[in-house]
Amino acid sequence: MTDAATMTSPLAATPGGSAAGGAPAGHAPAAGAPAGHAPAAAPQPGTPQPQAPQPRALPRLLPPGGAAAVPQDLAHHVRSHGPLRCRRARRHRSGAGDGLIAEIAAAGLTGRGGAAFPAATKMTAVATGRRRPVVVGNGAEGEPASGKDKHLLWLAPHLVLDGLQLAAEAVGARTVYLYVHAGGRLHERLTFALAERAAAGCDLRPVRLIAGPPRFLAGEESALVSRIDGGLAMPTFKPPRSFERGVGGAPTLVQNVETLAHVALIARRGAAWFRQLGTAEEPGSMLTTCHRADGTTEVAEVAIGTPVAALLGLGSAPAQAVLTGGYHGTWLRAADAARLPLANAPLREAGATVGAGVLAALPPGRCGLTETAHVVRYLAAESAGQCGPCLAGLPRIADALTHLAGPDPDPRWLTHLRRWSGLVTGRGACHHPDGTVRFVRSALTVFEHEITLHRQRRCSVAGAPSAAGGEPFLPVPAATPAYSQDWR
Amino acid sequence: MSGITHATALWYASRATGVVTMVLLSAVVVLGVLVNRQGRLPGLPKFAVTGLHRSISLIAVVFLAVHVLSAVADKFVTIQLISAIIPFTSSYLPLQIGLGAVALDLMLAVIITSLVRARIGRRLWRGVHWLAYAAYPVALVHSISSAKDLRSGGLLALTVCSALGVAAATCYRLADTWASRRRAYLAAESLIAGRRQDRYQTAAPRYSPPEPVTPRTVTPRAREGASR
Amino acid sequence: MSVRMRVNPIACTGHGLCAELLPERISMDEWGYPIVSPRPITPVLEALARRAVTDCPALALLLEKER
């Protein structure tokens, strides 16, 4: 194991027997890596990072076992990763002084919530604010197609909770929140995990578990802050941004729970270890939610830079198109997606982003326009309704797309759709309209042939477009929230 | 009928400016409702409604000042200057003058916060602005009870018309707010209901042009709590 | 240092005064909400811009200075 060789972090605790943490045995092979068995030689610190993912180093965050992985309680967690010593916060006005932030900067960790903003930069900005900051772990996964945060919180909550404590220590915060969706077994499980830690005395700063509403926008930074402050989970006008004035007016560090889990491991193993996987510009591993064309869905931890084709099994389960970045992301033609790796730099050239690691391969038996229209109807209903253009525009866009997905659509719908898309972009207080339009525009490009076919009362899918019924491929929650009820 | 003499000039001035202030204030409240409901005055641009609302309220302040100062200066009755601001401390008709003082205080609060509203923020400004609906009835009762002028003849008609105008505007505001909120609620509900019965592959109806939308049909949802 | 007009879309309820006062920078979309141009406010337009900010019944406009 490379742990001893790469233990450079000043905050690492006594290296425990970490053999159990890295073994990929039993991990589902579809996690983007050739199931290599021969462990490579341990790289010395300072050698150039290898580009190819090393299979034996995965999974890092999730416990081993793939689909049969067992949720880790505190004892298992300490056995797998080693204990963590937490120290009292000392606020550094210079910002860069704290060892952990420097280590995170060296590791090149970026946020795993979708924006991929450098974590160390955010922490420095919060730490050098005028008041004592607040730290919030964002586990409210509003995107229906993404399950990685719930999966991580279910299987390895203590990694996330360690990361929360470490982040709070690094920025000098005393108040810590963990924000998740309300109800369900996850909430219970987290309460239990927090109780375990309280009993063991792990947490120097008590963590307040806050339940947010199950809305698409509930995980948006300013919506989260508004909810924690006791209001509705709706986005607010920026400026000020959360890292300047957030919860209770204090500078607030909002980090995705996966990012915090990576922080917990970087603190133990060091930046060089973190960089062993991934690419030079985008190091590390990430959690992905892959919806394969054969209908299976899996949350897998992969190295950044793994080919998309391998993640989605495009060889064995061919697709007609691939969605990257979730419902605010981009459709790509299958041929284009097949030659791209899962990394922001190459995807950006193709007009897409990694986002929160959601990948969906649309099988040949589905009409892409119908799927998109279904999702956009959901997105329109998920508007907070605060900004006129979004409230007025998104339902109309959804309507137009529904007509285009039906038989014999009037061509004027496409004109209206293009005009409305231009009208809502950039005119809301948050990026909901922008993201929706990005998704819609990419669908219009990739499924252009469908529109033509629909005009001729045909569809690339036999029996569509007027066939009713059937389950959608892209997951969308059932419509239950009543008007303005479920925003708290 | 006695004419205005040197001795009674100030008294008449106070009563006259009082009547004018009351009429102007009625106009201000009606215009305020018009601003809020995004209404227009025929032939005038939209910014004229807001402009008139602001200008007429400032003119009303001037008339109010003359009304107060002439009443204080007049020797026929004893009203101290301080009683114009602190209610119920006047020697003459303490209750009626006191009501006037209450109305004046509320008006001053509304107008001063409006002049500095960019500095104090939207929420505080709007909260105080609601006091206008309290100031008007108090001012009306003050006008009717302080002097017999308004209880007969042309001035009675004027008073009744002004009060009815304000009452009508207020009722209109309540009704229209309720109606537009209900429209927004129904639109949102139909959006969600449409998803509830969503057969995800639907046969689309024939083309119908999108209906023209007036802004108030899509009023953003009322926000319950704090918004920054 | 340029001054730009910005609208707070949450506060805006579509009164439409701003487009009347400053058509050089603000136009109305088909739903009655303002489309604010990101072009800077020239000194000639500054008085009108300030008036639009003051007159907006919803206090939804703001002028932002950028360095």
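How many residues lie between β7(A) and β8(A) in the hairpin that they form, and which residue in the turn has a positive phi? Five residues separate the two strands, and G325(A) is the residue in the turn with a positive phi, of about 85 degrees.

## Basis of the description

This is a predicted model, in which local features need pLDDT of at least 70 and side-chain atom pairs count only at pLDDT 80 or more, while totals for chains, interfaces and linings use all residues. Residues are numbered from 1 along each chain as its sequence is written, and chains are lettered from A and ligands numbered from 1 in the order in which they are written.

Helices (H or I, at least four residues) and strands (E, at least two) are DSSP runs, numbered from the N terminus. Two strands pair if DSSP finds at least two bridges between them.

## The parallel sheet of chain A

Another open sheet of chain A has four strands in the order β3-β2-β1-β4, with parallel pairing. Here β3 (207-212) and β4 (252-256) of chain A stand at the edges with a single partner strand each, and one side of each is therefore left without a neighbour in the sheet. Strand β2 (residues 175-181) of chain A runs parallel to β3(A) and is joined to it by six bridges, with V180(A) standing opposite A211(A) in β3(A).

Helix α8 (residues 221-228) of chain A packs on this sheet, touching β1 (134-138), β2, β3 and β4 of chain A, and its direction makes about 110 degrees with that of β3(A). Contact means that the C-beta atoms of two residues, placed from the backbone, lie within 7 Å. Axes are lines fitted to C-alpha atoms, for helices over the stretch in contact, and angles run from 0 to 180 degrees between N-to-C directions.

## Helix pairs in chain A

The axes of helix α15 (residues 388-405) and helix α16 (residues 412-424) of chain A come within 9 Å and cross at roughly 155 degrees. That makes α15(A) roughly antiparallel to α16(A), given that angles under 35 degrees count as roughly parallel, over 145 as roughly antiparallel, 65 to 115 as roughly perpendicular and the rest as oblique. The residues of this contact comprise 13 nonpolar, four polar and one charged; Ala, Val, Leu, Ile, Met, Phe, Trp, Tyr, Cys and Pro count as nonpolar, Asp, Glu, Lys and Arg as charged, and the others, Gly among them, as polar.

For helix α3 (residues 99-107) and helix α9 (residues 257-269) of chain A, the axes come within 10 Å and cross at roughly 100 degrees, and α3(A) and α9(A) are therefore roughly perpendicular to each other. L100(A), E103(A), I104(A) and A107(A) of α3(A) meet V263(A), I266(A) and A267(A) of α9(A), a contact with six nonpolar, no polar and one charged residues.

Chain B has seven helices and zero strands, and buried residues make up 26% of its 228 residues. S190(B) is placed in helix α7 (residues 153-196) of chain B and counts as exposed, because it has 12 C-beta neighbours inside 10 Å. From C-alpha to C-alpha, S190(B) and L155(B) are 52 Å apart in space, and they are 35 residues apart in sequence.

Between chains A and C, 10 residues of chain A are in contact with eight residues of chain C. On the side of chain A, α15(A) gives the most, with three residues.

Terms used. Buried ≥ 20, exposed ≤ 12 C-beta atoms within 10 Å, placed from the backbone.
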